[in-house]
Amino acid sequence: MGFVEPEPARPTAALDGRSPATDNGAMEAILIAPARRGDSARLAAMSRRLIEPGLEPCWTAGRIERHRRHEDSVVLTARIAGSIGGFAIMQYGEDAAHLNLLAVEPVHQRQGIGRRLVGWLEETARVAGTFSIRLEVRASNHVARAFYGALGYGEAGSVRGYYQGTEDALRFERDLAVRPARRDG
Ligand SMILES: CC(C)(COP(=O)(O)OP(=O)(O)OC[C@H]1O[C@@H](n2cnc3c(N)ncnc32)[C@H](O)[C@@H]1OP(=O)(O)O)[C@@H](O)C(=O)NCCC(=O)NCCS
């Protein structure tokens, strides 16, 4: 098999539903769904602001739009009250899927949106028969390191100068066949 078939990358009813953003009854609806035509410029701006500060931006609207249209990629958004509160880009390969980008607007962070975006993409990978997810984070990004650690990703080495020769990357990887240990024992 080459890259995974496009069909499993489409949202299922179970994964595409609306649900509360908070556990306190505020019932702010979040819609997790593939990006729409016209979203790419906004997503590129989020990437510049939240993921690429201090780097030469390389996730242009055109590049994101190419991923949105490509059958081996998913550009996923979390929409809150109609506007984009978070997004992720995943590329599905034969042996592994690569999580290219993930960001949640600061005002919506720590509400479980990042976890839901990644969970949606992981479920899609499982359905497609791709059981390994890989990604890189900037070595200085301690929040992302804590986030991926909390989601069951393990550090899998580092790459010197990965980010435009100015910053190292840490590689993270998760084997989806291994269920994370329950936190409540
Ligand atoms: C990393 C990021 C996507 C996390 O999104 P989020 O929606 O805030 O994360 P969640 O609310 O789903 O958090 C899930 C778990 O990750 C961990 N976590 C998340 N943010 C954390 C923080 N600031 N400090 C420590 N742990 C954190 C926690 O264990 C959290 O669970 P808890 O809230 O029950 O304790 C978000 O901080 C972000 O967009 N950062 C800027 C962009 C970025 O760094 N992207 C990743 C690299 S591409």
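**Exercise 1. Determine which residues come nearest to the ligand, and which elements supply the shell around the ligand.**

Of the 20 residues around the ligand, those that come nearest are Gln109, Gly114, Arg115, Ala146 and Ala150, where a residue is near a molecule if its C-beta atom, placed from the backbone, lies within 6 Å of it. The model is a predicted one, in which local features need pLDDT of at least 70 and side-chain atom pairs count only at pLDDT 80 or more, while totals for chains, interfaces and linings use all residues. Residues are numbered from 1 along each chain as its sequence is written.

Turning to the elements, at least two shell residues each are supplied by helix 1 (40-51), strand 5 (97-104), helix 3 (113-128) and helix 4 (142-150), with helices (H or I, at least four residues) and strands (E, at least two) taken as DSSP runs numbered from the N terminus. Helix 4 provides the largest share, five residues.

**Exercise 2. Decide whether Ser158 is buried or exposed, and locate its contacts.**

Ser158, which lies in strand 7 (residues 154-163), is exposed because 12 other C-beta atoms lie within 10 Å, the cut-offs being 20 or more for buried, 12 or fewer for exposed and partly exposed in between, with C-beta atoms placed from the backbone. Leaving aside residues up to four places away in sequence, Ser158 touches Ala139, Asp168, Ala169, Leu170 and Arg171, contact requiring C-beta atoms, placed from the backbone, within 7 Å. Arg138, 20 residues away in sequence, has its C-alpha 9.7 Å from that of Ser158.

Key. Contact = placed C-beta atoms within 7 Å.
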